[in-house]
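Here is a short briefing to read alongside the structure. Take it one topic at a time, and look for each part in the viewer as you go.

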Amino acid sequence: MSTPQTKIRVLIAKPGLDGHDRGAKVVARALRDAGMEVIYTGLRQTPEMIAEAALQEDVDVVGLSILSGAHMALAPRVLELLEANGQEDVKVFLGGIIPDEDIPQLQKLGVSGIYGPGTSTLDIVKDIRKIVQ
Amino acid sequence: MSVQDLLAGNRLALARTLSEIENESPEGKRALNELFPHTGQARLIGVTGAPGTGKSTLVNHLAYLYRHPLQGHPPGDVEPQSVGIVAVDPSSPFSGGAVLGDRVRMRDLAGDAGVFVRSMASRGSLGGLARATWGLVQALDAAGYDIVIVETVGAGQAEVDIARLAHTTVVIEAPGLGDDIQAIKAGILEIADILVVNKADRPGAENTARALRGMLELAAPGKRFLQNHAQVMPLPLPPGILATEDNAWEAPIVQTIATTGTGIPLLAEEITRHQAYLQTSGDLIHKEKIRLKTEMDDLLERALVSRWRESITIETYQTMLDKLVERKISPQQAVQILIDGENL
């Protein structure tokens, strides 16, 4: 009989200037209910702030919620900074309004999962568990 | 990544070590052993109070002030101090998950290499801290942070573990949370070295401060005088209280508005004053002793429980549980049998 203590740690961040954080909060809540520890950073984060928080919190996953259309600038920058900090093993997930034609490019850059409106939170939980374990 | 990297100031090494300590892994335990000789340098400040009283916002401004000291505030700290922050939020009792939201209020500290903020979930602990909070504080102390601020879970009345961890405990109250009966209850108010009435721009702040002041006047023995017909006479000490309380610390009450930073320099000043008091009164050594004793006792308890767990199979435990549910044995009898290892 023993008690394992390791938890999946996820940073949920909203980079850029849009103020729509309902989606980010719904996902944060769903991950919490799946037994993960979710660090929520709040609105209007720069990629630098997000990478810094990911480092200090030593997270396994960074979830970005972007509804401003700036994902092609923000997501690659976050990936770049994570790598520069020695956290290339951290997985980046993306949620929000992401046009289909951008998805292949984002995947190529290293985004592990992309979730548009209507995604089941259970799918997100399943994907995170699969990729972290 | 090693303890050496951490001591050399590598932030990723620090972050990873904090995780190992939090997960109570063998690497984490080893790191704590290696770090321990490097600890004991940081000033430890605890911040506690009910949910929504403004703990995180206040920690944000306090840390910012230590990073950017104003003229004369806090006194003695003319150089910017590096600040480590451990912010604890509750874990879900059902899923074990958590949403840690203290960083939301700490955005003024982003991008400052002299600040390290770590959120942690309470993981089932009830005293306002997580089991591993002490270890995380040790690591930040060893990593060279001048000041380590620990923010507890939103605490109501009895979450007082912080008082055994911090040198200076700041208890935050806000107007409108209770009357003067709340102020004379035992528990969280008693552990305050400094009391803060936050949201001082709200109606009722003065009443809250007055209720707290009334409570303190009842509490601090040997320092108060009864004024009667212009005659001043010291009140007799209650039994059990040492008579050497002439220089005893009396918790000051500071009114703040954390969202704007109003009152924060005054709070920092009181913290400095309290820490100087700890030095001169000898209370610091006393507090250190209590702190280390608490940690050792906790570890001992955990080690005994986990040793016992290893000695028992899940089947034995389950059988005992079944008998308990069928009311064939009482909980006390079950414990007796489980501890003595008697066969069923």
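In strand β10 of chain B, B:Ile253 stands opposite B:Leu195. Three bridges join β7(B) to β10(B), and the two strands run parallel. Keep in mind that this is a predicted model.

- β6(B) and β7(B) pair in the parallel sense, over four bridges.
- Which way do the residues of β7(B) point? B:Ile194 and B:Val196 point one way, while B:Leu195 and B:Val197 point the other way.
- All four of these residues are buried.
- As background, side chains in a regular strand alternate between the two faces of the sheet.

**The whole sheet of chain B**

- Seven strands of chain B form an open sheet, in the order β4-β2-β5-β1-β6-β7-β10.
- The pairing in this sheet is parallel.
- Strands of a sheet pair through backbone hydrogen bonds, either parallel or antiparallel.
- The edge strands are β4 (115-121) and β10 (253-255) of chain B, and each of them pairs on one side only.
- From one strand to the next, the twist averages 20°.
- β1(B), residues 43-49, and β6(B), residues 168-173, pair in the parallel sense over five bridges.
- Within this pair, B:Gly49 stands opposite B:Ile172 of β6(B).

**Helices on the sheet**

- Helix α4 of chain B (residues 55-67) packs on the sheet, where it touches β1, β2 (83-89), β4, β5 (147-151), β6 and β7 (194-197) of chain B.
- The direction of α4(B) makes about 175° with that of β5(B).
- Helix α9 of chain B (residues 264-281) lies across β1, β6, β7 and β10 of chain B.
- α9(B) runs at about 170° to β7(B).

- An α-helix has 3.6 residues a turn, so residues three or four places apart point the same way.

- Helix α10 of chain B (residues 283-310) has 28 residues.
- From its first C-alpha to its last, α10(B) reaches 40 Å, close to the 40 Å expected at 1.5 Å a residue.
- How many of the 28 residues of α10(B) are buried? The number is zero, so α10(B) lies largely in the open.

**Chain B as a whole**

- Chain B has twelve helices and ten strands.
- Of the 344 residues in chain B, 39% are buried.
- Among the contacts in chain B with a separation of 6 or more, 71% are between residues 24 or more positions apart.

**Where chain A meets chain B**

- In total, 28 residues of chain A are in contact with 31 residues of chain B.
- On the chain A side, the elements that give two or more residues are α1 (22-33), β2 (37-40) and α2 (47-57) of chain A.
- α2(A) gives the most to this side, with seven residues.
- By class, the side of chain A that touches chain B has eleven nonpolar, nine polar and eight charged residues.
- Strand β2(A) is joined by three bridges to strand β3 of chain B (residues 98-100), and the two run parallel.
- The partner of A:Glu37 in β3(B) is B:Ala98.

- Most residues other than glycine have a negative phi.
- A:Asp58 is not a glycine, yet its phi is positive, near 45°.
- You can find A:Asp58 in the loop between α2 and β3 (61-66) of chain A.
- A:Asp58 counts as buried because it has 20 C-beta neighbours inside 10 Å.
- B:Arg123 also has a positive phi, of about 45°.
- B:Arg123 sits in the loop between β4 and α5 of chain B.
- Is B:Arg123 buried or exposed? B:Arg123 is buried, with 20 other C-beta atoms within 10 Å.

Note on methods: Residues are numbered from 1 along each chain as its sequence is written. Chains are lettered from A and ligands numbered from 1 in the order in which they are written. This is a predicted model: local features need pLDDT of at least 70, side-chain atom pairs count only at pLDDT 80 or more; totals for chains, interfaces and linings use all residues. Two residues are in contact if their C-beta atoms, placed from the backbone, lie within 7 Å. Ala, Val, Leu, Ile, Met, Phe, Trp, Tyr, Cys and Pro count as nonpolar, Asp, Glu, Lys and Arg as charged, and the others, Gly among them, as polar. Two strands pair if DSSP finds at least two bridges between them. Axes are lines fitted to C-alpha atoms, for helices over the stretch in contact, and angles run from 0 to 180 degrees between N-to-C directions. A residue is buried if 20 or more other C-beta atoms lie within 10 Å of its own, exposed if 12 or fewer, and partly exposed in between; C-beta atoms are placed from the backbone. The expected span of a helix is 1.5 Å times one less than its number of residues.
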